[in-house]
Amino acid sequence: MRNRMCEDGTLEVFLEGRVDSGNADAFSDELAALLEKTGAVRLTLNCAGLAYVSSAGLRVFMRLAKQLEALRVDEVSSEVYEIFDVTGLAQILDVRKALREVDVSGLELLGEGANGSVYRLTPDEMIKVFRPGLTLDDIESEREASRHAFLLGVPCAIPFDTVRCGERYGTIYELLNAVTLSERIAADPSTLEDCAVQSAKMFKSLHAIEVPKDTLPDAKRSYYGRLSRISDSFVPDENKQLRHLLDVIPPADRFVHNDYHPKNVMYSNGELMIIDLGDAGSGNPLLDCIHSYLVFNLMGAAIRERADDEMSFVGITYGELRRYWAIFTETYLGSAERATRMSALLEPWGWLMYLSASMSHPRLPKEYHPRYANLIREKVLAHYEEMIASVDEMDGLLAL
């Protein structure tokens, strides 16, 4: 029985042929021995090679589900899934159908982002192929966030299906007859002010959406995760302070996109829609403002220093990015004075999010971690007390 240990400590076992009354006991004994040997309490049964499972085999699956911390039955064919479905086990166990394979070679590339590439699949569908390393749970989480957001009234593309693209995963969405705001500005710079004003108004409307409990995940989750991944570079008191900075941002139940910038806002016939909802959640709009600040002010400046053509990673020049931010924040907050004050207060918070994201990125070599840790001490922890004191004022600026 072929098996492997995953990075998260889950034991994955690959099943083949049949599991029926003739081999169910041996199958159960072999699995028990594997679990004892590895010490695993989380098990994934990969059923891509499973042709049939009888009631005797299903009883083994049910016993495992009761014994383990987590059991997932993965890559189940339509024929085998029907057996789980008619017995009711598909509603009790975590059973997932095999994903269909989609070949994107030769398809028109519509755009690229940090998490993957988007291709035209059909006249009415596009496919987002995620970068290597993202798990199926990551992809399903974004798809579910998009579905829930759409039902809440968020203007976003409808997600259809999750698929395989070779060794990577993809999600199929409706194809929007639209361009990003970055593309619109790049094609006609005179549209910048209109794009900034309209996207600020949509930003505000998104933050007015109340998210029912347990509909979307906590918008802070990705930030806490990043801090956990870099904790070995700091002493305990520093880690405590970094986490406390997130803790003091007041809880709220509003829609938070967590990656709002001109490359993630689509324009079509005067209407705006958002894409890339992988980090969307429920929380305080202040989180959205912090992230947008770091994109417009910190990431844009850092990339400008490295790029000969001064093009921002969002597809417009650094100068355009700065003009956009000024118009965007003034529209959102109601006055230039409020916008200037908010930008000043957001700076150390932006550094916190920017540096922790950069430092926790799996592609950053470990030898760079001490440098980033020192930058966090300089740009963030040195301003710890004033950051704590700024939260009430920032929250007040948002409460127009």
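A search of the whole structure finds 15 salt bridges, each a side-chain nitrogen of Lys or Arg within 4 Å of a carboxyl oxygen of Asp or Glu. This is a predicted model: local features need pLDDT of at least 70, side-chain atom pairs pLDDT 80 or more, while totals for chains, interfaces and linings use all residues. Numbering starts from 1 along each chain as its sequence is written, and side-chain values use heavy atoms, without hydrogens and water.

Select Arg18 and Asp20. Their side chains form a salt bridge at 3.1 Å, N to O. Arg18 is partly exposed at 45% relative accessible area; Asp20 is buried at 17%. (Buried is under 20%, exposed over 50%, partly exposed in between, with a 1.4 Å probe and protein chains only.)

Next, select Lys128 and Asp276. This salt bridge also spans 3.1 Å, N to O. It links strand 8 to the loop between strand 14 (271-274) and strand 15 (281-283), 148 residues apart. Strands are DSSP E runs of at least two residues, and helices H or I runs of at least four, numbered from the N terminus. Both Lys128 and Asp276 are buried.

Stay on Lys128. Its bridge partner in strand 10 is Thr171. Strand 8 (125-130) and strand 10 (168-174) pair antiparallel over five bridges; pairing takes at least two DSSP bridges.

Now show the whole open sheet: five strands, antiparallel, in the order 6-7-8-10-9. Strand 6 (109-112) and strand 9 (159-165) each have a single partner strand, so one side of each lacks a neighbour in the sheet.
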